[in-house]
Structure formats: C-alpha cells, structure tokens
Amino acid sequence: MLIPCPCCGPRSVAEFTYGGDATLVRPPADSTDPDAWCRYVYARANPKGAHLELWQHSGGCRCWLRVVRDTANHTIMRVELLGPWAEAIERKRVAAE
Amino acid sequence: MSAGGRLVDRAQPVHARFDGQPLQGYAGDTLASALLASGRRVVGRSFKYHRPRGLLAAGPEEPNALVTLRDGGRREPNIPATTVELFEGLVAESQNRWPSLDHDLLALFGLGGPLLQAGFYYKTFMGPTAKAWRLYEPWIRRAAGLGRAGRDPDPDRYDKASLWCDVLVIGAGPAGLAAAAEAAGSGRRVVLAEQTPRLGGSGLLDDSDAVVAAEAALAASPDVTILRRTTVWGAYDGMVLAAVERLADHLPAPPPDLPRQRLWRIHAREVVLATGAVERPMVFPGNDLPGVMLADAVLRYALLWGVAAGRRIAVLTNHDRGHEVARRLAGLGLQVTAVIDPRPTAATAAETAALGITVYHGHLVAAVEGRHMVRGLRLAGVDGSAGPVLDADTLAVAGGWTPLVQLASQAGAQPIWDERRQTFLPGPLPTGWRAVGACAGDGLPEVAPLPDVTRRHRGKAFVDLQNDVTAEDVRLAVREGFGSVEHLKRYTTLGMATDQGRTSSVNGLALLAAARDVPIAELGTTRFRPPFAPVALGALAGRSRGAHLRPERRTPMHDWHLAHGAEMYETGLWLRPRAYLRPGETVATAYVREAKAVREAVGIVDVSTLGKIDVQGPDSATFLDRLYCNAMASLPVGKARYGLMLREDGMVFDDGTAWRLGPDRFLVTTTTANAATVLGHLEHLLAVVWPELRVVVTSVTDQWAGMAVAGPHSREVLAAALDGVEMSHAAFPPMGVREARCGAIPVLVARLSFSGERAYEVYAPWTEGEAVWRRLLAAGEPFGIVAYGLEAMGALRIEKGHVAGPELDGRTTPADLGLGRMVSRRKSFVGSAMLDRPGLTQASRLQLVGLIAVDRQPVRAGAHLVESADRAKPGRSLGHVTSWTWSPALGRYAALGLLEGGLRHAGRRLWATYPLRREHVPVEVVHPCLYDREGARLDG
Ligand SMILES: [Zn+2]
C-alpha cells in the first residue's frame, strides 16, 4: 500500500501513522455537551468503502494528511495536506508542475 | 532407465547420502528422482499413523517425501524431496520414523486407528480423557510430527529487496513464457518468477524446442528479469507480492558474495497468474501405498530424469489424457500393462489397446495389495461387482487437474466450480490480475465424476496424505456437525499441512458434497492465506537478527557508562545504566550506595533520553495552555513548571516539564517512553484541531544531552563547574531556568528535582554531552559525587511518591494520582470536557497510595492488595502494587500502589498477595510521599 504524500511523493504505508476518522470535529472548547464529546472521543463508524481519515507521514515529512481510502481494497482516492502551511506547500507544488 | 532424461547429465555423477547410505545420481537430478532411480520406494512415514509412504508427485506439490537436509546450523526440516536439487555431498534424512524408515515401531499406531481419528485433539482436551491426555501427550507429540529444526545458529545470510515492474508473470510454463514475451514485446518491464530451476514447466515434456527458444528470447530482452528458484508466496494489498528466491539452496554452502535466500517485495502494475495445475490422485482403499503415484509424475520421472517408476505399471484414469499418458509411457519403453477407466467407453481406447495395453472399462481400484509397496491391484466394477486382480508394482493415477489458484484467492478472488473439468477455476479476478494457461483451465481435460468406492470397500482411503486425513474422517466430521468447508478444514486438518492441500482439496470437497448430498459448487472453497508454500523464518527475518533486530539508541555518555561498570538496561530503544557496579557489587548493593550518596552528598544521572520538544511561535503560550491541564500561559520567562498532559478522555497521558526560554519559545520535556507519541500528539493538534495557532514544534531529543545533578552538594558542584550563572538560592530559586557556560560550552540549567533533594538539570549540546558530564564529575569529586543509574533513580522517586510509567497506565486521572489540585478550573484544555464524568470522580476509584512493608518481605509490583491475612483465601482484589523498591532511606521495602478509595485507607494494614510466587506480605497504607513530606531538603 502506497500513500502519495503531497510533500514526498508515493511512499510505503510503513512510513505513516494512522490518525483515525477525519470527519470528526472537536467540539468548541467551551462546549459542555456530554453527547458531543462522547461522539468525538468514542463513537466511530466502521464503513466498508470510501473513508475520510487522517494519516501522519511520521517516518517522512511528519505532515498530517487527510486521505480518502477505500477500506475494502485500500485504494487511495484523495490526499490533501493539513495544517497552516498546507496552502503554501500546495502553491509551491502547483508552481513546480 | 539406463539412458535418457532431458534434465540430467549422465556424464556428471553426483554423490549424496540419504539416511546415512550413499546415494548416487546425476547433475540435474532432484533428491526424489535419485531416490526413485536407486530403487527406494519408502521415502517417509505418515504424520499420524506412521504408514510407509513413497513419492506421489514430481514437483513442489509432493505431500509424502518430506526430508531434513544438511546438519548443524544449516539443518532444515520438512523439505519435499521433489524440490531438492542434488548436489555433491548433500546429506538428507527421512523423517517421522523410529528407528528407521523400513522398521518404524511407531507404525503400531496403525493398529489403533480410531485413537487418532479426526477431531482427536479437540476430544482429548475435554471431558474425562483430559487427564489421560497429560499422561500420553509427550508420546503422542513425538509420534505425530514432522522433522525437527536445528538448534544451532544459522551461519548463512538472508537478504530482502524490492522490485517494481509493469507485469509480474508467476510461473514459466508455456503460458507464462508467452505472456512474458508478449508484455516485453510491448515495451513493458517484466518480472518472470519460476519456482523450479528450469523454465518450461509442462513444455519440457513436449517433443519440441519451443521452450528453449522462448527462454533464450526472454533472456536477451533488457526489460525482462527472470527469477529462477523463486516462489511467489503471498499476495497483499496494493499489488504487492512476496516472493522468496533460493539463491544457494542448491549449493553445499552459499558463495561469500551471495545470501542463501532473498526475500522479494514485488510491486506490480499487473499480475499474470501462470501457475499451472497439479494432477489429482483418487481416493480408494490403500491409495497411500508406495507405488501409487500421479500419472504425470510417472511421465516426468521417465522423460525428464530417465527414471522408470516401476516395472509393471497400471494407469487409473477418468479422462482421455490419462490414456495418452499411458501410451506415451509405453512409447518410452516402460511396461504399461493396463488402463483402468470407470467410464463405459473412451474415445482413444482402441489406440491404447493397440499397444497391447488391456483397458478395463467401467472399473475402479477397490484395494491395493502389498505391505510396503504395491504388489497387485484388486479391481471392482463401478456397479460394485467383483473385478480381476492385476499384477502391478506401480499405479499411475490421473484423476483430473487442479489449477493453482491460491494466490488469486489470497488476493480476494472466489474460485468457481467447473463441472465439466471437475475442478475449481480462478473465477473473476481482482483488477490488474489475469490467469492464463492451465491455471485458467486452458487445455485441462474433461473429467468424469468419480463414484465413491470408499463406502463400499474396506480399508483406509486417504484424502490428505500429508495430514493423514481419510475419507471416513470427512464423513465423521459431517456426522458430528462440522459440514461447512471451513469447519471441515479445522476439524479434520484437511488441507492444513505444509502442502496446503494442493492434491487433496478437491477430493475432500467431493467427499464432503457426497456426505451432505449437495453439489460441490454449493460448498465453495476455503480462503487461501499466505504463504502459498513454506517460507524459512530466516528469509522473513533477513538481517534483522541478533544485535540487528532493532536499532539501539545510545546517549553521548554511553562509552563513559560502560567504562565505569554500568550494567545497561534497554528502555524502549535506549540503553541506560541500571547501576554502576564497583568490584564485588551487585545491582542490589550498588544502587543502595548510589541512592545514599544522592541523599547525603551529591549524585549525577544521565537523563539524555527524556523527550525534548522545542515549541516556538507567537501562540506558543496559548498552545501549551490548551495542551496541559495546569496553567502554562502565566509561566514567566526564565522559569520551568511541572506539567501534566491528559488525553481527550480525561486520563493522564504524559508528564514532564515546560521551560519558558522566551516570550514565544518553550522547551518541553516528556517521559522517555512517550517522546515520539507526544510529538505526534502536538503535531496533530496543530495541524488538525487548531491550525489557526502560529506554533511550530520540533523534536530536539537528540540535540540536547541531559544530566541531573542532585543532592545537598549539588549547588557547590555547579558553582565550581559553570560560569556565567549566579547559583545562590535567591538568584537561582527552585524552578528557575538559566543559561550558563561549562568552559566554552553553552549549557542550559534548570533547578528541578525528581529525587526530592536540591537538584539541577544541565542540558548541553549533544556532541558536548560527555565533556560536560566529565567536567561536572571533576567538579564534584571534592564532594564525593557518584554517578547513579535507573535503580537508584527509581528508589529515590518512589520514596518521594512521584508517579512514573507504571502509574501512568492510561486508566488514571490526575485526581487518581493525587494530582487533582494541579488541574486548572479556569481554562479548557485537552481532556477538560470529559474529566468530570461521574465514573471518573467516584470515591471508590483506584487511587495512588504509598505502601510500606511491615516485615522484611519484598512487596512486588504486580501483587494485588487484599484484606485477608490468609494466603489461601485472599478474597477480592482492592488494587495492586505499581512500583516497588527496597528503600535505602527507610531501610525497608516501600512501594506505590493503586488502591480502591486511596488514602481513605491510610494507616490500614493490607496484604500484597502474589499467588504465582506464593507471596502474601503485610503492608501498611501510607501517604505516597514517604520521605521529607515538607520538602525541606529541596531548598536547604
Ligand atoms: Zn511526506
């Protein structure tokens, strides 16, 4: 299984660390709604097919990525960089192409 | 045969030994062909019943002839003799026999047949026979087994490598060669993997040079990589396949420049499955007697190695190709006496008969005569009528063909039943996969379904020869309710041997279908899993053995530690000193001396392994405030603070310190064990949760060497060793952070204590770590400084009740650890929302306590805390001991533990019970801080 890292190119899955469901949004800091926190911390779907998830290129550039992966066959359908520097790196990449 | 054999060179004799006896063959022989040529019929004893077994096949599908090769560190058991290339000096041994192949006393099990029937293991483990099992187990284990592995270290090298290709062709028979040529012709990069040493497969049996020409063309193509002696054994996600190349298995020892085997990780854009098909035996009483062989094998031995399998050969077949093989054998000069065919007619029966071969239509074999080899065949009509007895020493069985679809099944394909050819074909394949040739069913003969003769005629009829599974075992499994294919496999072990049921799976399914009275197509097949063929552990390990199993991390002071008697201890990947042993000392006496020195004078400990993270940016303070459960934004520049990080669920994640080096800059330390996890956690928060924060984090663990100087004289030592820093209590108070110089080396100093004594942490550039360490030791010499290790450090922190890894077990909240007052109620942070859940605030939670042994017995970590004084009836566990030591300061065993209700039990007597060691020790529950609770020594 290869994950095309926007910084480093296609790299072996062994270089990455799984970061879980990427659709989860942390409740606002002042939220005291126990259900919202419970969903964020514990509730996970286990879908077959396309899954939006987080991966960190921990053995490479250490960027966090948002990835769409088909859980049935590990096809990677989309990868995008996360973080404040994502936009700058993406601009540089597009300029280089 | 005195001449012939397309693969052997009769001008080159080769000498080997089998079971201590000389064995002569020729270059190109396999161990199997040489054994057959030498007249040896019995080559192994069966797994459970120790029945004599001979060669069934000529290729890797061989179930019977498993041998142990070589000796010493190269000893290797369970290798099919059909895959062993004969070389000068080869030493091979038969297996599973005692004392010898021809006289195996353990064959007496054959008399006690029902003892070892299907489900034997499950039944004996349960019920009244469980006791008897314990009595007989050693005997049965010895009797039922395969070869023994060697105990010496393997002297050979094993490598791993990766390959990328457009097309991976698996199997170099005619179909594989054609597919490789076609792909290479269109300019694609091709890898062709063939498990035998020779390309050609079934094409080697043709009377033409087509395969030789095809091989030459491929070898000349720059786009084709040919891997011989290479078995592709696993298909994994993302078109990654695993293969093992046996570079030197056919040589007495690997040449110095080559590994013995190489494990290939192959990334392919397209996979062409050209694995071919193996011939199927038939199931009838006595079908395991040496001399009963696959017809294709009999033809191969004659044609490729010039070996006649027998003197009077009968052929048993249910298809026209079987007749063709009989005629080809006769054409090679072998004496073929009969063809037995259950069908009423056969298209080419007249041609067969014209060669003087008697054709018995409508007949099957009902029994095989002979004790150690075939002496005769008793036929029966398919209608059950009695038939003639034939004089024969070899029965060549052609029962149809089974495509090798295992790799496709691993990749997720569901094989489908083909009624015409009575076999499973690969079925729809995953994207990028293609099956060609016999594997796809091409050229396989139409086959008549076989009537089941095993109910009508007595005697053991084997389905799985390697695991000794009989037709009756299959019916027994159905009777006992294990009638699905997956249950049948597990209950009878059918197909679970090292040959993965190559020759037995379809026959097993046919019997299962008959017993359940359903069509085979309805049963389906079991899912195949890697490996397709056995893979040596050495190949999987590669070079990751011994000291190379995993990397080793060393601090800059490592060599100094070793030179000063340190006994090193692995913590994660780090090597750290447990204690520095002086002559005559053990760890137990050395750490007591070291801990006393810290309390009475001064000590120094290497803390370079702590995780260190540089945090920079205008929002650093805001970020750390959200990260730690205690306030951080208010930390002034030049100060450090102890900090506790929680997980989102409110449990303590890690502890450490944060040093404010500037308005926008912090140095954060973590525990050694969690360094990488904490960094990932910070990066996650900054990239995913709060991308608006302008903060950058960088690991500086390997940039700063760290050492803690602790003890009443620590200030004097630092004053003597450092310049540019005022060391007085007022100028450098507890939790202060200062820059200084040690000679010309810039260092960072923080007044932090883990031991309870006045102490400082000194951080130096990694490469200068040893120099600063030596200078501190030199400066400390007048004060009696000693270096101390993990054991002393552990004893000192347990005496002070400081929590560490054993207490931060992922189930403890700050309050559980007595750190509830650290938690800020004026801000939100990671974990704050879930911290007040009722389950986390109950008074009955396991909470940190100190424990002091009442007498001289040790209180060990892992012991449970109970109320009962009776070791035999300890009662309910109220908690457990997490960390323990013999405390030099207290002069007795002291421990930390997690106890229901925590300090509400202070002053009570409990017992620490450890049933595995038969220990039951009285302890007193006390406050976790066992020494200097007022903290007077910190400032002294
Ligand atoms: Zn990357």
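This is a predicted model: local features need pLDDT of at least 70, side-chain atom pairs count only at pLDDT 80 or more; totals for chains, interfaces and linings use all residues.
A residue counts as buried here when its relative accessible area is under 20%.

What does B:Arg260 pair with? Its partner in a salt bridge is B:Asp156, with 3.3 Å between the closest N and O atoms. B:Arg260 sits in the loop between β12 (240-246) and β13 (261-273) of chain B, while B:Asp156 sits in the loop between α3 (130-143) and β8 (158-170), so the bridge ties together parts that are 104 residues apart in sequence. B:Asp156 counts as buried too, because its relative accessibility is 7%. Over all chains, the structure holds 59 salt bridges.

Another of these bridges in chain B joins B:Asp625 to B:Lys827, with the closest N and O atoms 3.5 Å apart. Here B:Asp625 belongs to helix α17 (residues 620-627) and B:Lys827 to the loop between α21 (790-800) and α22 (838-841), so the parts tied together are 202 residues apart in sequence. Both B:Asp625 and B:Lys827 are buried.

Then there is the salt bridge between the side chains of B:Arg327 and B:Glu351, at 3.7 Å from N to O. B:Arg327 lies in helix α7 (residues 320-331) of chain B and B:Glu351 in helix α8 (residues 349-354), so this pair links parts that are 24 residues apart in sequence.

B:Leu776 is found in helix α20 (residues 769-780) of chain B. With 0% relative accessibility, B:Leu776 counts as buried. Which residues does B:Leu776 contact, once neighbours within four places in sequence are set aside? They are B:Ile604, B:Met707, B:Val709, B:Val717, B:Leu718, B:Ala721, B:Val762 and B:Ile785. Take B:Ala721: B:Leu776 and B:Ala721 are 55 residues apart in sequence, yet their C-alpha atoms are 5.8 Å apart in space.

B:Ser94 is located in strand β7 (residues 91-94) of chain B. B:Ser94 is buried as well, because its relative accessible area is 3%. Its side chain makes a polar contact with the side chain of B:Asp19, at 2.6 Å. Leaving out residues up to four places away in sequence, B:Ser94 touches B:Phe18, B:Asp19, B:Val43 and B:Leu101.

Now for chain A. It has two helices and six strands, and reading along the sequence gives the pattern β-β-β-α-β-β-β-α. Its C-alpha trace spans about 45 × 30 × 20 Å along the principal axes. Of the 97 residues in chain A, 36% are buried. The chain exposes about 5700 Å², with 55% of that supplied by carbon and sulfur atoms. Among contacts between chain A residues at least 6 apart in sequence, 44% join residues at least 24 apart.

How do the two chains meet? On the chain B side, 22 residues are in contact with 17 residues of chain A. The area buried between the chains is about 1700 Å², and carbon and sulfur atoms give 61% of it. B:Glu648, B:Ala687 and B:Met834 supply 25% of the area that chain B buries against chain A, more than any other three residues.

B:Glu648 turns up again among the charged contacts. The interface has two salt bridges, and one of the salt bridges in the structure joins A:Arg26 to B:Glu648, with the closest N and O atoms 2.5 Å apart. Six residue pairs are in polar contact between chain B and chain A, counting those with both residues at pLDDT 80 or more. On the side of chain B that touches chain A, helix α18 (residues 675-689) provides the largest share, nine residues. By type, the residues on that side of chain B divide into 13 nonpolar, four polar and five charged.

Notes: Residues are numbered from 1 along each chain as its sequence is written. Chains are lettered from A and ligands numbered from 1 in the order in which they are written. Side-chain values use heavy atoms; hydrogens and water are left out. Contact means heavy atoms within 4.5 Å. Buried area is the accessible area (1.4 Å probe) that two parts lose on being put together, summed over both. A salt bridge is a side-chain nitrogen of Lys or Arg within 4 Å of a carboxyl oxygen of Asp or Glu. A polar contact is a pair of N or O atoms within 3.5 Å; within protein, one must be able to donate a hydrogen and the other to accept it, and residues adjacent in sequence count only if both atoms are side-chain atoms. Helices (H or I, at least four residues) and strands (E, at least two) are DSSP runs, numbered from the N terminus. Ala, Val, Leu, Ile, Met, Phe, Trp, Tyr, Cys and Pro count as nonpolar, Asp, Glu, Lys and Arg as charged, and the others, Gly among them, as polar. Buried means under 20% relative accessible area, exposed over 50%, partly exposed in between (1.4 Å probe, protein chains only). Accessible areas come from the Shrake-Rupley method with a 1.4 Å probe; for residues, only the protein chains shown count as cover.
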